[in-house]
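User: I'd like to learn how to read aromatic contacts in a protein model. Can you walk me through them?

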Amino acid sequence: MFSRNSFPLINYISRRFVQNLPKNIQLELNPDVNQQITSDDKKLAFFKEHKGKFYHKTELPKKLEESINRILSDIEPQRLKADMKILQDHLIERHLPMEQRELQTIAQNVIQNFTNTEPAINTLAMSPEQREKLHLVRQHALVKRLKSSIYRWQPLSFDEYKSKIYLATNFAAHYAMLVQILNEIKQRERNFQPIRLLDFGSGTGSAMWAALHTWGKRTFSEILNVDKSREMNNLSQLILQNGQQNKASIIPNVIYRQFMPHGRDNTFDLVIADHTLFEFENRFDRLKAIQSLWYNVKPNGFLILVERGTIHGYAAINEARENLLYRIASSNNSKEENTDGEAESNSEESLTENDDSSVTKRSFPAHIFSPCPHDSICPKKQLNIPCRISTRYRPLQIFDLQRNAPDYITTEMSYIVVRKGERDQNDVYGAWPRVIEPIIDRKHHQHVRLCCPNGQYINAPISKNKHGVALHRLSHHAAPGDLFPVTGELIEEKPIVDKEVSVSSEPQQRRRRAYRT
């Protein structure tokens with residue numbers, strides 16, 4: 001297996017590239033998957049579908065798509081298309097709000113650079129009016145430079161029209177992301193049947209529809225959608241009514257609120273926060289919300305956090321991941337594996353900022369269910385590379401806008417699924433690494449970038465001659481987000497024979513050539 005003793009830890013600070021798989025590690029394909037791939041039966045031998053395959057194409061149900069089109073029918077198509085493009089560009093370029101310390105550091109650097117680059121002017125020879133005018137010019141230039149250097153964060157505000165634009169822009173993509181995540185939970189945990197669902201920052205209700213698609217309408221006895229925007233809640237409720245206000249809701253037991261539920265006894269099997277972390281003004285509010293969400297998760301339940309697959313979305317997810325593992329939840333494994341000084345300093349800083357004494361009470365352990373196969377520090381953090389998983393979906397087929405529309409679109413997401421409970425050591429899926437980069441195809445081999453259960457990020461070259469036909473075909477059709485059904489076994493290296501010693505110890509006799517005459 002990919003244990004800590006398999007190969008030495010990689011120093012990511014000194015080596016700024018992906019480490020190749022060591023030569024003394026032999027990859028062995030899972031026996032069940034190998035039997036499936038090499039079987040004579042065509043249905044079993046379909047190597048694109050195996051136990052670790054979670055990358056799928058997703059499309060909206062027809063009735064749901066018709067309801068959304070009925071809601072968007074009162075907007076002019078060209079105006080809708082233009083506003084969708086503006087909102088999409090704005091959401092992609094969004095950053096997390098800057099903290100007070102960052103603002104002070106940037107201001108000091110800007111002022112210092114401004115004073116150093118400013119030419120020397122003899123102000124003694126100027127009149128008071130000229131000095132005052134020069135001071136105003138300098139102040140205006142300094143303020144202009146400060147505004148260009150500081151990101152101005154603003155929360156999203158929605159009215160009825162903007163809510164419809166958000167629905168048309170993001171519903172299909174968010175639905176596809178969550179369907180892929182929830183399908184993995186359903187496939188790996190057959191006995192898990194959620195009864196209560198909490199969707200924090202529900203928006204238009206894409207997480208609710210993804211959960212209903214995965215487990216069915218009869219599974220949930222209560223669905224609580226929480227969003228501070230009343231217009232978003234009304235729009236989500238209108239979708240449940242098939243786009244008609246006078247009609248009854250097709251899904252029972254759906255509740256809408258504008259604030260979080262209070263009380264630790266009010267727990268849920270599934271808690272989802274989909275594209276919500278960017279709406280908090282500072283880091284303290286984000287961590288406080290994550291802490292409240294974690295307390296609302298039942299034992300053996302799941303907390304799902306999803307953001308866009310950008311560097312800033314990954315930063316928000318990784319910040320929540322470290323605080324959940326090393327501060328909010330109690331996990332003995334995470335305490336032992338937390339060797340990064342930066343994570344410890346971040347946790348100490350967050351503890352001092354929060355005055356709530358209940359923060360230090362760690363009643364339940366936690367472990368990362370997906371995508372990370374480990375609870376260590378993310379190996380991509382110090383490489384400054386976002387860890388993101390891709391999914392393909394069919395965009396919303398809006399009436400009068402279907403011309404030249406692609407069949408399927410690929411989108412990327414950064415997410416974590418945290419389970420409240422100890423990690424199952426007998427879980428087969430927990431011993432497999434995860435593909436976290438697109439496969440790099442070469443002429444006779446592929447490069448597979450893996451995140452291993454020991455917390456390392458490696459590149460595994462897979463060739464037909466060295467690893468066999470089954471593993472070669474499997475790696476050719478792997479995609480980011482799939483679990484790679486292999487284990488790494490440590491093999492003994494063959495001793496290298498010194499040529500000089502062999503020549504000196506056994507002198508070879510000179511042979512004569514035989515020539516034909």
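**Rings and charges**

Analyst: Let's start with a charge and a ring: the charged end of Arg 196 sits over the ring of Phe 268, 4.2 Å from the ring centre. Keep in mind that this is a predicted model.

User: Which ring does the charged end of Lys 57 sit over?

Analyst: That's the ring of Tyr 408, with the charged end of Lys 57 at 5.0 Å from its centre.

User: Now ring against ring. How many aromatic pairs are there?

Analyst: The count comes to nine aromatic pairs. Take Phe 192 and Trp 215: their planes stand at 75 degrees and the cut-off for edge-to-face is over 60, so this pair is edge-to-face, with 6.0 Å between the ring centres.

User: Is Trp 215 buried or exposed?

Analyst: Buried means under 20% relative accessibility. Trp 215 has 9%, so it counts as buried. Phe 192, at 10%, counts as buried too.

User: Which other ring does Trp 215 pair with?

Analyst: Trp 215 also forms an edge-to-face pair with Phe 220, at 6.4 Å centre to centre and 80 degrees between the planes. Phe 220 has 7% relative accessibility, so Phe 220 is buried as well.

Notes. Residues are numbered from 1 along each chain as its sequence is written. This is a predicted model: local features need pLDDT of at least 70, side-chain atom pairs count only at pLDDT 80 or more; totals for chains, interfaces and linings use all residues. Side-chain values use heavy atoms; hydrogens and water are left out. Rings of Phe, Tyr and Trp (its six-membered ring) pair if their centres lie within 6.5 Å; planes under 30 degrees apart count as stacked, over 60 as edge-to-face and the rest as tilted. Buried means under 20% relative accessible area, exposed over 50%, partly exposed in between (1.4 Å probe, protein chains only). A charge sits over a ring if NZ of Lys or CZ of Arg is within 6 Å of the ring centre and within 35 degrees of the ring normal.
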